[in-house]
Amino acid sequence: MGNTCCSLETTLTAGREAAGSLATSTDGLARLFLENIGLDVYAVAFELAGYDTQQQLSCLTEEDLNRIQWQSRIPILPAHRQRILEASRCYPALQVSHLLLLLAGVVSAAGVQLSP
């Protein structure tokens with residue numbers, strides 16, 4: 001499997017992620033994080049288990065995923081666990097790149113790619 005940091009599709013969701021990271025509330029951060037890697041089906045599990053802060057999402061471990069799975073009663077598939085953990089390690093870098101895209105005018109705050 002390639003480097004998740006480099007292979008994630010960030011252009012269309014960059015504005016939403018940047019807007020979420022700038023908000024004072026953490027509501028929806030887990031959903032945005034999981035949407036970026038195509039695994040938003042687990043957003044409810046993360047929210048039920050209380051994993052929705054920038055700090056939590058940027059340093060997820062196998063133990064955290066076990067806890068999320070146990071508390072939410074929603075199983076997380078092994079291949080999806082690996083993608084989530086890889087994206088978690090890249091989370092701070094993704095936030096910086098999303099902010100830069102937003103500031104450069106590549107995407108709008110709603111995550112829509114702007115025409116050149």
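How exposed is Glu47, in terms of relative accessible area? Glu47 is partly exposed, with a relative accessible area of 35%, where buried means under 20% relative accessible area, exposed over 50%, and partly exposed in between (1.4 Å probe, protein chains only). More on its partner follows below.

## Ground rules and confidence

This is a predicted model, in which local features need pLDDT of at least 70 and side-chain atom pairs count only at pLDDT 80 or more, while totals for chains, interfaces and linings use all residues. Residues are numbered from 1 along each chain as its sequence is written, and side-chain values use heavy atoms, with hydrogens and water left out.

Here pLDDT is the predictor's confidence in each residue, from 0 to 100. The chain averages 73, and 55% of its residues score at least 70. A contact means heavy atoms within 4.5 Å.

## The overall fold

The chain has 7 helices and 0 strands, giving the pattern α-α-α-α-α-α-α along the sequence. These elements are DSSP runs numbered from the N terminus: helices are H or I with at least four residues, strands E with at least two. Of the contacts with a separation of 6 or more, 62% join residues 24 or more positions apart.

Buried residues make up 38% of the 116 residues. The chain exposes about 6,400 Å², with 58% of that supplied by carbon and sulfur atoms; the areas come from the Shrake-Rupley method with a 1.4 Å probe, and for residues only the protein chains shown count as cover.

Helix H3 (residues 29-36) is largely enclosed by the rest of the structure, because 6 of its 8 residues are buried. Those buried residues are Leu29, Ala30, Leu32, Phe33, Leu34 and Asn36. After H3 comes Gly38, whose phi is positive, near 75°.

In soluble globular proteins, nonpolar side chains tend to be buried together.

## Salt bridges

The structure holds 4 salt bridges, each being a side-chain nitrogen of Lys or Arg within 4 Å of a carboxyl oxygen of Asp or Glu. Back to Glu47: its side chain meets that of Arg31 in a salt bridge (3.9 Å, N to O). This pair links distant parts of the chain, with Arg31 in helix H3 and Glu47 in helix H4, 16 residues apart. Arg31 is partly exposed too, with a relative accessible area of 31%.

Arg81 forms a salt bridge with Glu62, their closest N and O atoms being 2.9 Å apart. Arg81 lies in helix H7 and Glu62 in helix H6, so the pair ties together parts that are 19 residues apart in sequence. Arg81 counts as buried at 9% relative accessibility, whereas Glu62 is partly exposed at 41%. Within helix H6, Arg67 and Glu63 are 4 residues apart, about one turn of the helix, and they form a salt bridge with closest N and O atoms 2.9 Å apart. Glu63 is exposed, with a relative accessible area of 55%, and a network of salt bridges links Glu63, Asp64 and Arg67.

## Side chains meeting the backbone

Which residue's backbone oxygen lies 2.3 Å from a polar atom of the Arg83 side chain? It is Ile37. Arg83 lies in helix H7 (residues 78-104) and counts as partly exposed at 27% relative accessibility. The C-alpha atoms of Arg83 and Leu34 are separated by 9.8 Å, although the two residues are 49 apart along the chain.

Ser72, in helix H6, counts as buried at 9% relative accessibility. A polar atom of the Ser72 side chain lies 2.7 Å from the backbone oxygen of Ile68. Leaving aside neighbours within four places in sequence, Ser72 is in contact with Ala45 and Leu48.

Methods
A polar contact is a pair of N or O atoms within 3.5 Å; within protein, one must be able to donate a hydrogen and the other to accept it, and residues adjacent in sequence count only if both atoms are side-chain atoms.
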